[in-house]
Amino acid sequence: MSDLLHSPVAVFHEKFLDQPDAPFLKHVESGKVLTYREAWQYSLKLNDLLEAFKIKPKARIVFAVRNHWFIYPLLSACAARRVTLVPLDPELHRDELSFILNDAAPSLIIHNAGAKLPPFAGRA
């Protein structure tokens with residue numbers, strides 16, 4: 001089977017097994033270097049967190065944090081659970097944010113503590 005037929009999660013896991021201390025990514029803005037081991041560990045913790053929040057397959061999660069390395073392990077955890085990740089720039093105009101949030105109808109929103117997201121239909 002070619003690598004093109006492997007899921008991104010399977011390829012990520014293979015790299016973790018083969019080269020756990022190799023750099024997975026370097027975040028340009030923060031300078032943080034994340035190894036495959038660290039990224040995989042974050043992915044597993046996030047998978048547990050999604051399960052604790054009872055996030056089911058086909059659900060949507062909004063990640064409203066601008067330019068953060070955390071999106072990569074979160075993307076892996078979402079792919080493993082068959083959850084759609086919706087990256088969202090919290091600095092968009094409020095009308096745009098409101099439209100996207102209403103359209104996505106997320107089961108979970110991850111954002112910075114000071115984020116000021118507009119109200120939308122799915123938010124209690």
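Four salt bridges are counted in this predicted model. Three of the residues involved, Arg66, Asp89 and Glu91, are linked in a network of salt bridges. Another pair joins Arg81 to Glu51. Side chains of opposite charge can pair when their charged atoms come close.

- Arg66 and Asp89 meet through their side chains in a salt bridge, with an N to O distance of 3.0 Å.
- Because Arg66 lies in the loop between β3 (60-64) and α3, while Asp89 lies in the loop between β4 (84-87) and α4 (94-104), this pair ties together parts that are 23 residues apart in sequence.
- Arg66 also forms a salt bridge with Glu91, where the closest N and O atoms are 3.7 Å apart.
- Glu91 belongs to the loop between β4 and α4 and Arg66 to the loop between β3 and α3, so this pair ties together parts that are 25 residues apart in sequence.

- In the salt bridge between Arg81 and Glu51, the closest N and O atoms are 3.7 Å apart.
- This pair links distant parts of the chain, with Arg81 in helix α3 (residues 71-81) and Glu51 in helix α2 (residues 36-52), 30 residues apart.

**Solvent accessibility of the partners**

- Arg66 counts as partly exposed, at 43% relative accessibility.
- Asp89 is likewise partly exposed, its relative accessible area being 25%.
- Glu91 is exposed, with a relative accessible area of 58%.
- Glu51, the partner of Arg81, is exposed as well, with a relative accessible area of 52%.

Notes: Residues are numbered from 1 along each chain as its sequence is written. This is a predicted model: local features need pLDDT of at least 70, side-chain atom pairs count only at pLDDT 80 or more; totals for chains, interfaces and linings use all residues. Side-chain values use heavy atoms; hydrogens and water are left out. Helices (H or I, at least four residues) and strands (E, at least two) are DSSP runs, numbered from the N terminus. Buried means under 20% relative accessible area, exposed over 50%, partly exposed in between (1.4 Å probe, protein chains only).
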